[in-house]
Amino acid sequence: MAGRYAPRRPTRTTLRAGDVVLPAQASPASPARTSSPRTSSPRTRTWTPPWPLDLGLALGPLRRGPGDPTFRTTPDGSIWRASRTPVGPGTLRVAARGGAIEAEAWGPGAEWLLDRLPALLGADDDPDAFTPHHRILTAALRSRPGLRLTRTGLVMESLIPSILEQKVTTDEAYGSWRVLVRRFGEPAPGPNDRLYVMPEPRTWALIPSWEWHRANVDSKRSATILRAVRVARRLEEAAEMEPARAQQRLELIPGIGPWTSAETVQRSNGAPDAVTVGDYHLPGIVGHALAGRRDADDTEMLDLLTPYAGQRHRATRLILLSGHTPPRRAPRMTPRDITRL
C-alpha cells in the first residue's frame, strides 16, 4: 500500500533527534507533593555554560516518549529527571535562567548528579570538531547552535530501554517502559510526585515471566535484559571507557548488537561517532537527505557519512533535526500486543 499519510506521526528514529520543546519560562511552579518523608531540602548548583545551550536539545534524547515516568517537563520551563546513580536514587531539576543553569537535586544520588551536571549538559562535547559538507547540515547546524551531546555516565538507564526498543514500534517500546518502571520502580526523591526511579538490577532480575508478558515484552527482549542486569556492575564500567570499547563490552551480552550498543553509548558516553546501524528508518533518512537515495542501506549510509568520521552520530542527529525525511510510501509497522495472547 503506497501513499503519503497526513498528518505524519514521528517514528522512533525521528523522535531520537531529541528535540524537547520546553514551555515558555513562567514563575516557578511547585509540584503537587510538598510534604513527604522522601522530600527534604534540595542540594543546589548554578552553572553558567560558556557557549549557547538548548536544554531541550541536550536532554531530549534521554526522554523515552511523552509519558516517560523518569523524565518530566513543567510549566516553568524546567526539566526533571530521576536516575539510579551508583550511590542511590536521585532526582535532578534543571532550568535555564538567563545565561545560567539552575539545578536542584534530591535523594542519596543528589551530589553525584550535581557533580556531573556539566557533562550531562554537554561540557565534554566538542561541536567545533564537526565540519558540515552539505547544505542541509550547514543549515541545521546554524539553526541549532545550542545542540550539545549529553553524557549521563550511566549505562543501564539507557541500555534497558534501548533493549525494549529492539524491532518493535515506538508506542510498544515506550508503553512497556512506562509499565515496568511504574510497577517495579520506586517514587523518585523530591517534590515531583509524577517521577519514578527505574528498578535496581536485582529487581529487574526478579520480575516474573508473566509480568514481562503483561508489559508487552516478548521473551527475547526480556531474556536480554535479564542477562544484562546480572552483570550490571561490569556494564556500568563502560561509561568510563572510550565509546568503541564500551560498545564492545556491551555486545558481549547475547542479544545486544551494534544497534543497541550505539543507542546506549550515545547517551551514557556522549559518543559523537556512535552511528546507529541496523535501524529500520535511519539509512533511508540519511540517504534521502545527503544523496536523494531514500532506499539506502547501512553500507550506503556509512559511505555517505565517511566525511564525518569521528562525528557521524552528530551528523545523523542534525539530519533528523533538519526535518528532511523522505515522504512515507509504505504502511506503518503494525504494533503487536502479546498481552492478549
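**Entry 1: the sheet**

I began by noting that two strands count as paired if DSSP finds at least two bridges between them, and I kept in mind that this is a predicted model. With that rule I looked up Thr-44 and found that its bridge partner in strand S5 is Glu-104. The pairing of S1 with S5, which covers residues 100–106, runs in the antiparallel sense over 5 bridges.

**Entry 2: salt bridges**

My next search was for charged pairs, and I found 16 salt bridges in the structure. I wrote down one between Glu-211 and Arg-183, whose side chains meet at 3.0 Å from N to O. This pair links distant parts of the chain, since Glu-211 belongs to helix H9 (residues 209–214) and Arg-183 to helix H7 (residues 170–184), 28 residues apart. Is Glu-211 buried or exposed? I noted a relative accessible area of 8% for Glu-211, so this residue is buried, the cut-off for buried being under 20%. The pair also belongs to a network of salt bridges in which Arg-183, Glu-211 and Arg-214 are linked.

I looked up Asp-273 as well, and saw that its side chain meets that of Arg-312 in a salt bridge of 2.9 Å, N to O. Here too distant parts of the chain are linked: Asp-273 lies in the loop between helix H13 (258–268) and helix H14 (282–291), while Arg-312 is in helix H16 (residues 312–322), 39 residues apart. I recorded Asp-273 as partly exposed at 25% relative accessibility, and Arg-312 as partly exposed with a relative accessible area of 21%.

A further salt bridge joins Glu-237 to Arg-234, with the closest N and O atoms 3.1 Å apart. Glu-237 counts as partly exposed at 36% relative accessibility, and Arg-234 counts as partly exposed at 46%.

I turned to the interior with a general point in mind: in soluble globular proteins, nonpolar side chains tend to be buried together. The largest nonpolar core has 32 residues, and those with the most contacts inside it are Met-156, Leu-159 and Trp-204. At least two residues of this core come from each of several helices, including H6 (156–164), H7, H10 (219–230) and H12 (243–250), and H6 gives the largest share, 5 residues. Which residues does Met-156 touch, not counting those up to four places away in sequence? I listed Pro-161, Met-198, Ala-228, Val-229, Ala-232, Leu-235 and Glu-236. I also noted another core lying apart from this one, with 22 residues, among them Leu-57, Leu-137, Leu-282 and Ile-319.

I gave helix H10 a note of its own, recording 12 residues and a reach of 16 Å from the first C-alpha to the last, close to the 16 Å expected at 1.5 Å a residue. In H10 I marked Arg-221, Ser-222, Thr-224, Ile-225, Leu-226, Ala-228 and Val-229 as buried. The buried residues of H10 pack against H6, helix H8 (201–205), H9 and H11.

Leaving aside neighbours within four places in sequence, I found Ala-289 in contact with His-134, Ile-136, Ile-319 and His-324. Its C-alpha atom is separated by 9.2 Å from that of Gly-323, a residue 34 places away along the chain.

Where is Thr-152 placed? I found Thr-152 in the loop between helix H5 (135–143) and H6, where Thr-152 counts as buried at 6% relative accessibility. Beyond the neighbours within four places in sequence, Thr-152 is in contact with Leu-62, Trp-112, Leu-120, Glu-157, Arg-267 and Ser-268. I also noted that 8.8 Å separates the C-alpha atoms of Thr-152 and Leu-121, which are 31 residues apart along the chain.

Notes: Residues numbered from 1 in each chain as written. Predicted model: local features only at pLDDT ≥ 70, side-chain atom pairs only at ≥ 80, totals over all residues. Heavy atoms only, no water. Helix = DSSP H or I, 4+ residues; strand = E, 2+ residues; numbered from the N terminus. Salt bridge = Lys/Arg side-chain N within 4 Å of Asp/Glu carboxyl O. Buried < 20%, exposed > 50% of the residue type's maximum accessible area, 1.4 Å probe, protein only. Contact = heavy atoms within 4.5 Å. Core = buried A, V, L, I, M, F, W, Y, C linked by side-chain atoms within 4.5 Å. Expected span 1.5 Å × (residues − 1).
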